[in-house]
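Hello,

My notes on it follow below.

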Amino acid sequence: MRKLSYILATLTFVWLMSCSEDIQDSPIPNQKPKTYLWLFPDSTVGIGVSRQHLRWWGEDPDGVVVGYLFAYGIFPTHVTSIPNPDSLRYTWVTKNDTTILFPLDTLFRNFTVFVRAVDNHFHNIPNGSIVRMSPSPFWDKDAAGGPGGPDELLPHISPALDPTGAMQTLPIRNTPPQLTFANNPNDPTIALKQPDTTFTVATFAFKGSDDDGNNTLSSYRIALNDTTDPARWVVLSLRDTIVTLAVPRVWSDTAGSEVAAIVYGGKFVGRHSIDTIPGLRLDAQNILYVQAKDVAGEYSPAKRMPEVGDRWYVKRPRGRLLLVSDYTNPDAATVLSTYLTSLANVAGGLFDTVDNLDIGRGLTVVDKTSGRIGQYVPPFMDPALISTFLLYDYVFWYTEQFPSLGVAQLSLFSYLQNGGKVL
């Protein structure tokens, strides 16, 4: 009995003590999240390129981080706080990283990245939504920059938002563009090359790229043989990645050792004249140089065709007739001599001087039947071969029983349509 009385006395004491404590009926205020960027330098970040992979995360002591406001801006100096008033254009994201291409229009810029975590006191909006904080937070649905129209106010984002955010200033230097020549259109597995000998027509194709983003490319330029003289460079637009150099006969017939060429863009049908380029050497080797330029004003290293060790020899057209040798039998030399002799005997001396284009060079009958083309056929038959034929009033085409039909189909029709005569 005494034991039971002791237990009851103890319980009564505990109950009385508990009743003496006042129960607080006020909730703890929401604690805002904290944002972190992956980079914590001891001092200013070293100069980098415009393509940067950024990572961040957020922590919330009394909730869950549901997303982030991400922004960047250009500032002249190192930034340590969010602008006041906050005029940044934020993007709502739920991921923790991104690869960003900072848009450079000069050699050097300071970009500051801002990331602000948002906890679950804010209701989600679609990824990629534009959010602005001034004059008061709103979802900029029409990307117009100011509240109005379809925009939606976001009154619940401020209590859920990291007020200071994480930020990092990144000094970014422009990356020069790069340029490559296109692959051979007839065999994309090999690089584009000019035939080692052409007449006064040649087509080139190239493509620029830029690690800062291909949208930062602004133009191309080309020069013949000499890159030291600014007057020899011809500027091309971004659309002109296939260009043909062609010299009219009225120019080459009276020129000395060098002549200007007309620069055309595009294929033969619908081609457009761009400019003239000086310095094409006649009966001599030539080099074409190409560069890409970006919006920051930097050029790619000059790319040349032909490459070192190869050659591009340009012959001056002399006759009015082009003899096209599409013949691969063992007696090819005898056949060529027979035709040249016969043409020279035509009354009036019209064909005393005849130029020869050996489109069967390097081929066998098996090659021809499988559609391969000879080493003197330009890779871009349209427009290069068509324009070559048009240097002449007449084309005399001879072959064995296996003609190069693909070459003929791509070139002769346009030649005939533009006044040429074919035998």
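**Aromatic contacts**

Ring pairs link Tyr327, Tyr339, Phe396 and Tyr398 into a cluster. Rings of Phe, Tyr and Trp (its six-membered ring) pair if their centres lie within 6.5 Å; planes under 30 degrees apart are stacked, those over 60 edge-to-face, and the rest tilted. Please note that this is a predicted model: local features need pLDDT of at least 70, side-chain atom pairs count only at pLDDT 80 or more, and totals for chains, interfaces and linings use all residues. Residues are numbered from 1 along each chain as its sequence is written, and side-chain values use heavy atoms, with hydrogens and water left out.

A search of the whole structure gives 15 aromatic pairs. One of them is tyrosine 36 with tryptophan 57, stacked at 5.3 Å centre to centre with 15° between the planes. This pair links distant parts of the chain: tyrosine 36 is in strand E1 (residues 34-37) and tryptophan 57 in strand E2 (residues 51-59), 21 residues apart. Helices (H or I, at least four residues) and strands (E, at least two) are DSSP runs, numbered from the N terminus. Tyrosine 36 is partly exposed at 24% relative accessible area. Tryptophan 57 is partly exposed too, at 33%. The cut-offs: buried is under 20% relative accessible area, exposed is over 50%, and partly exposed is in between (1.4 Å probe, protein chains only).

Phenylalanine 75 and phenylalanine 114 make an edge-to-face pair, 5.9 Å centre to centre and 70° between the planes. Here too the pair links distant parts of the chain, 39 residues apart: phenylalanine 75 is in the loop between strand E3 (65-74) and strand E4 (90-93), phenylalanine 114 in strand E6 (residues 108-119). Phenylalanine 114 is buried, with a relative accessible area of 1%.

**Overall form**

The protein has 6 helices and 28 strands. Its radius of gyration is 37 Å, well over the 22 Å that the globule rule gives for 423 residues, so the protein is more spread out than a compact globule. That radius is taken over C-alpha atoms, and the rule is 2.2 Å times the number of residues to the power 0.38. Along the principal axes, the C-alpha atoms fill a box of roughly 145 × 50 × 45 Å. Of the 423 residues, 44% count as buried. Among contacts between residues at least 6 apart in sequence, 71% join residues at least 24 apart. Contact means heavy atoms within 4.5 Å.

Aspartate 358 is in strand E26 (residues 354-358). It counts as buried at 17% relative accessibility. Its side chain reaches the backbone nitrogen of glycine 360 at 3.2 Å. A polar contact of 3.3 Å joins the side chains of aspartate 358 and arginine 361. Such a contact is a pair of N or O atoms within 3.5 Å; within protein, one must be able to donate a hydrogen and the other to accept it, and residues adjacent in sequence count only if both atoms are side-chain atoms. Leaving aside neighbours within four places in sequence, aspartate 358 is in contact with Ser325 and Tyr376.

Helix H5 (residues 381-389) has 8 of its 9 residues buried, so it is largely enclosed by the rest of the structure. Among the buried ones are Met381, Leu385 and Phe389. The cover over the buried residues of H5 includes E26, strand E27 (394-399) and helix H6 (405-417).

**Backbone points to check**

Which residues do the cis peptide bonds join? One joins asparagine 84 and proline 85, with omega about 0°. Another joins methionine 305 and proline 306, with omega about 5°. Proline 85 is in the loop between E3 and E4.

Alanine 143 has phi near 55°, a positive value in a residue other than glycine. Alanine 143 is partly exposed, at 43%. Aspartate 283 also has a positive phi, near 55°. Aspartate 283 is partly exposed, at 29%.

Best wishes
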